[in-house]
Amino acid sequence: MTAEGCSGVAAVDALLAWCCDAARETFGARLLGAYAIGSLAHGGFTPTVSDVDLALVLADPLAPADAGRVATLARDAAAAHPRFGPRLSVFWSSPEEFNRRDRAEVRGRFPALDRLDLVRHGRLLAGADVRDRLLPPSRAAVLAASRDYLLGFVDEHGRRPLLAGEARDLPADRKELTRLCLFPARFLYTAETGEAGSNDAAVAHYRERHGDPGAAIVALALALRHEPVRELTPGERALLAAGLPGYYRDFLREFLNLLGGQPPEADADLPALLAAIARARPGA
């Protein structure tokens with residue numbers, strides 16, 4: 001690991017320790033367990049682009065003030081740890097809520113994808129390991145959560161014109177670019193396998209089943225995560241600008257099939273595919 005990577009891991013560890021101390025002070029005995037999830041738990045954390053995902057399991061019942069307390073913890077963490085604190089995401093709920101297996105989201109803040117990640121990969125930071133009391137979400141809940149997240153993702157940060165083939169300007173931010181390229185592979189991996197795995201696992205899974213341009217795009221994105229200072233070549237820029245729209249259309253068709261939705265015409269564009277996905281009801 002590079003010196004930057006080592007210093008980044010130490011800084012993240014300090015942030016997580018601060019959060020655990022703050023959670024103990026805030027919730028006292030109601031804090032059953034605090035966990036690292038995401039790439040910090042299942043592998044692939046990269047200091048330059050990865051988020052810091054923290055999960056808090058609180059004793060039942062949840063209190064009306066809990067949301068405000070968690071928001072204060074996250075805000076104070078960002079101020080106390082300016083390097084990684086702004087990347088902190090806090091997921092939280094209680095066992096009774098968590099175990100509503102068929103819900104895409106539960107009270108607190110814990111979407112099905114992140115509940116799956118905690119059950120499968122959560123790394124205990126504080127308290128007791130209560131994962132044997134927690135049930136993984138149902139497949140229908142995971143697919144519904146994936147669908148809901150996808151519909152928001154496409155329109156965040158001005159992504160739609162590029163994905164629809166109406167623009168060719170790539171994101172300047174390295175984190176945004178790699179996320180855009182890896183998003184379909186990550187989601188298909190979870191939807192098809194029922195696992196919340198690393199970027200490396202998702203890319204390997206995707207490349208075993210798909211050809212170019214998607215296979216080339218995900219391989220390039222993974223290389224950019226591992227080599228954060230490397231500049232894109234003109235050929236790589238051309239690959240991404242030309243290939244991303246088709247890569248996403250293929251992904252949306254495959255995801256729609258997993259949702260059990262009615263497929264639109266063969267030449268359907270991005271809006272038509274997204275509309276079909278919005279209408280799909282997993283498990284219906």
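Which backbone oxygen does the side chain of Ser93 reach at 2.7 Å?

The model is a predicted one, in which local features need pLDDT of at least 70 and side-chain atom pairs count only at pLDDT 80 or more, while totals for chains, interfaces and linings use all residues. Residues are numbered from 1 along each chain as its sequence is written, and side-chain values use heavy atoms, with hydrogens and water left out.

To the opening question, then. The side chain of Ser93 reaches the backbone oxygen of Arg107, at 2.7 Å. This is a polar contact, that is, a pair of N or O atoms within 3.5 Å; within protein, one must be able to donate a hydrogen and the other to accept it, and residues adjacent in sequence count only if both atoms are side-chain atoms. Ser93 belongs to strand S3. Helices (H or I, at least four residues) and strands (E, at least two) are DSSP runs, numbered from the N terminus. With a relative accessible area of 1%, Ser93 is buried; buried means under 20% relative accessible area, exposed over 50%, and partly exposed in between, with a 1.4 Å probe and protein chains only. Leaving aside neighbours within four places in sequence, Ser93 has contacts (heavy atoms within 4.5 Å) that include Leu56, Leu58, Phe98, Arg107 and Phe110.

Side chains of opposite charge can pair when their charged atoms come close. A salt bridge here is a side-chain nitrogen of Lys or Arg within 4 Å of a carboxyl oxygen of Asp or Glu, and a search of the whole structure finds 16 of them. Arg107 is linked with Glu96, Glu97 and Arg100 in a network of salt bridges. Glu97 is buried, at 6% relative accessible area, whereas Arg100 is partly exposed at 29%.

Two further pairs deserve mention. Lys175 and Asp51 meet in a salt bridge at 2.5 Å, N to O. Lys175 lies in helix H8 (residues 174-193) and Asp51 in the loop between helix H2 (39-42) and strand S2 (52-58), so this pair ties together parts that are 124 residues apart in sequence. Both partners are partly exposed, Lys175 at 26% and Asp51 at 31%. In the second pair, Arg120 forms a salt bridge with Glu195, with 3.3 Å between the closest N and O atoms. Since Arg120 is in helix H5 (residues 112-121) and Glu195 in the loop between H8 and helix H9 (199-209), the pair ties together parts 75 residues apart in sequence.

Next, the largest pocket. Its volume is about 990 Å³, and 31 residues line it, with Asp53, Asp114, Tyr149, Arg179 and Arg186 nearest its centre. Which element gives the most to this lining? H8 does, with eight residues. The elements that give two or more residues are H2, strand S3 (88-93), H5, H6 and H8. On a 1 Å grid over the protein atoms alone, a pocket is an open set of points where a 1.4 Å probe fits, with protein on both sides within 12 Å along at least five of seven lines; lining residues have an atom within 4 Å of a point. Points are joined across faces, edges and corners, and the volume is the space filled by probe spheres set on them.

I turn to helix H12, residues 270-279, whose buried residues are Leu270, Leu273, Leu274, Ala276 and Ile277. Seen down the axis of H12, these fall within an arc of 160°, so they line one face of the helix; the arc is that of the directions from the helix axis to the C-beta atoms. They pack against helices H6 (139-153), H7 (160-163) and H11 (234-259). At the start of H12, a side-chain oxygen of Asp269 comes to within 3.1 Å of the backbone nitrogen of Ala272.

Finally, the backbone. Most residues other than glycine have a negative phi, and most peptide bonds are trans. A cis peptide bond joins Asp60 and Pro61, with omega about -5°, and another joins Asp212 and Pro213, with omega about 10°. Pro61 is in the loop between S2 and helix H3 (66-80); Pro213 is in the loop between H9 and helix H10 (214-226). His157, in the loop between H6 and H7, has a positive phi of about 55° and is exposed, at 64% relative accessibility.
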